[in-house]
Amino acid sequence: MSSREDILQSIRRNTRVRYEKPDLSGLEHEALTYEDKLSKFCEILKQVGGQAVILKDKENVNDMIKAAYPEAKRIASTIKEIKTGNTIQPITCSTFHPDDVENSGDLDGTDVAIVDGRIGVCENGAVWLTQDVEQRAVYFISEALVIILDRNNLVNNMHEAYKQIDTGEYGYGVFISGPSKTADIEQALVMGAHGARSVTVILI
Amino acid sequence: MSTKHSKAAGKFLENKGLAAWHDETLWMVRAKRDKVSKEVPEWEHLRDMASAIKMYSNSHLEQLLMEFEKNALANGAHVYWAKDADEYCSIVYNILKGHQVKHFIKSKSMLAEECGLNEFLENKGIEVVESDLGERILQLMHKRPSHIVLPAIHVKKEEIGELFVREMGTEPGNNDQTYLTHAARKNLRRKFIEAEAAMTGANFAVASTGECVVCTNEGNADMGTSQPKLQITAFGMEKIVPDRDALGVFTRLLARSGTGQPITTYTSHYRKPRKGGELHIIIVDNGRSRILADQEHVKTLNCLRCGACMNTCPVYRRSGGYSYTYFIPGPIGINLGMLKAPLHYYDNVSACSLCYSCQNVCPAKVNLADQIYHWRQQLHTLGVASSSKKLMSGGMKFLMSRPALFNFALKNAPIVNSLPRGMIYNDLNDWGKEREIPEFAKESFNEMWKKNKVK
Ligand code: SF4
């Protein structure tokens, strides 16, 4: 008999009381919501070490990115343009597309990656990214991450977020809440363990 | 003082500075957990639902694992089933051998620890690199983790500084945490890029989508799996959850309970292999299906491995992870060790003051202290009851049967509250060594009753 069969048989033999699947709707109803989602999101993102900036009317997103990361030389972008109201702003500050590289390791040394955020979660400052380029490494390997997020796509909590996410064609997605961090040396918090050292979410 | 735990705890306490730091630091983590959990008004409801989802999932494992398998195969993954540690290690090895892998990068996995994967692979000539910073430090030191979430909590930065001078060429004497962390970042970048395969555990496996979810703060699981195109993900079968709605509950609890963060930095959902790559998923039993039949202890399978029960445990904080003989320490480790091999791991059962703090913080409502109590009742049957614990209860009986003495003891107990810690936990106080001294009420019930305060 295969191990699969052995294991399934052992599960059948040993399972005793069968519990019902709980109904989560009560909890989901009761869960935290915020009157001012935008300011809550910004506040929590700051707490987890990131920064949120709101793109104002007529403000150019490229200027904003260059001001935030003036030293950046290698800038990858997975998006060509952003739409704010009825205007379209092309991303001009980027220097390459992540799929232009041959090997994922070639992305090492990327200073900034500009990526598309789908949903922002107010209770924890996390942003859902759906993989939309072949080189998934771009979300992690660059020194700084700039996430563009539509301010209308903020949800209160994870229950709401999980009703909306999708892993897309590439079958991968991730919630990112602020920069990569560790406290493994004497519990001192250090940003930039392996992933981005700095995360800026630009709300459009 | 007779068990292996109390002897090892005594040794840990010899380094007074480290021991005090360990205790205070973990208590700080516990306090952070309290703070963030209070910011969520529906916290208790969340815990109830987390427990209920686990009770459902673990009593429908056959159905959910088969659903997971079907979906994972449809996503293009390979799925394997491993009955025990040996089979799990062999499956990993065969995948690596089939792809001529020489460099293998891993993110933290308690399952790999449980099954001795690293030793197994290294004996076969495969270089295994741990990528979680704490795990990497311990790997280079040839030591084991002493905590499931904060693996290097017992190591001082000076030791790490010296280690990095040798291993990563850092400046001698520079023990700054930021400097050392960034040196490791640079050093491990090369390892990520040169690896031919990457492995992760899974915090959750979702039946309805066939995806595995991994939670990290460092981003190491993602750095690994986005470099080489060969990914292996293995999980113990109790990690299965029915659907993404369940993730909504668990992701709200996990980091808040473990480290006091509102969520881990990365919550990654691996559903398909990368283009031109392969995704291999291993479902592991290794004794879990046997626990299903044990009504007294089945709730250990609810565990999310968040570490909260360690952070809060007065014995763990004061004795350190190495004082336990099972590889998982603290309240959950006491129970898992007993389920694995009671005659081997019974020493740990004494490492508990039955204060019930663990049971009160556990996000998945594992009845940790009830279970430890239950094991203690069985020690006689196992023929291994500890003589020091018998003496303890003998001492209680002595007081209880002499009301005058008992009243005197109780009246003077509040003094203990205001004593400096050094006096309470001095070397003469063996009881304090093993237990958190309870806060004594300022007035005893007897006094209040006499003063008519109690109606
Ligand atoms: S038993 Fe509960 S508190 Fe302890 S590690 Fe598991 S989930 Fe966390």
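## Around the ligand

Let's start with the ligand: by class, its shell is made up of 10 nonpolar residues, 1 polar and 1 charged. Keep in mind that this is a predicted model. The residues in that shell are from chain B, and they include the run Cys303(B), Leu304(B), Arg305(B), Cys306(B), Gly307(B), Ala308(B) and Cys309(B).

## Where the two chains meet

The size of an interface is often given as the accessible area lost when the parts come together. Here, chain B and chain A bury about 7,200 Å² between them, with 56% of that on carbon and sulfur atoms. On the chain B side, Glu62(B), Arg185(B) and Tyr266(B) lose the most area to chain A, and together they make up 9% of what that side buries. In terms of contacts, 95 residues of chain B touch 77 residues of chain A.

The polar side of the story: 48 residue pairs are in polar contact across the interface of chain B and chain A, counting pairs with both residues at pLDDT 80 or more. Helix 10 of chain B (residues 177-194) supplies the largest share of the side that touches chain A, namely 11 residues. Sorted by class, that side of chain B has 40 nonpolar, 27 polar and 28 charged residues.

## Salt bridges

Side chains of opposite charge can pair when their charged atoms come close. Over all chains the structure holds 37 salt bridges, and the count between chain B and chain A is 13.

One example is Glu143(A) with Arg185(B), whose closest N and O atoms are 3.1 Å apart. This pair crosses between chains: Glu143(A) sits in the loop between helix 5 (138-141) and strand 8 (144-149) of chain A, while Arg185(B) belongs to helix 10 of chain B. Another salt bridge links the side chains of Arg190(B) and Asp108(A), at 3.6 Å from N to O.

Which strands make up the open sheet of 8 strands, and in what order? Reading across, the order is 9(A)-6(A)-7(A)-10(A)-9(B)-6(B)-5(B)-8(B), and the pairing is mixed. Strand 9 (154-155) of chain A and strand 8 (240-241) of chain B stand at the edges with a single partner strand each, so one side of each has no neighbour in the sheet.

The chains join where strand 10 of chain A (residues 172-176) pairs with strand 9 of chain B (residues 266-270), in the antiparallel sense and over 5 bridges. Within that pairing, Val174(A) has Ser268(B) as its bridge partner. Elsewhere in the sheet, strand 5 of chain B (residues 204-206) and strand 8 of chain B pair in the parallel sense over 2 bridges, and Val206(B) has Val241(B) as its bridge partner there.

Notes
Residues numbered from 1 in each chain as written. Chains lettered and ligands numbered in written order. Predicted model: local features only at pLDDT ≥ 70, side-chain atom pairs only at ≥ 80, totals over all residues. Heavy atoms only, no water. Near = heavy atom within 4 Å. Nonpolar A, V, L, I, M, F, W, Y, C, P; charged D, E, K, R; others polar. Contact = heavy atoms within 4.5 Å. Buried area = accessible area lost by both parts, 1.4 Å probe. Salt bridge = Lys/Arg side-chain N within 4 Å of Asp/Glu carboxyl O. Polar contact = N/O pair within 3.5 Å; in protein donor to acceptor, adjacent residues only side chain to side chain. Helix = DSSP H or I, 4+ residues; strand = E, 2+ residues; numbered from the N terminus. Pairing = 2+ DSSP bridges.
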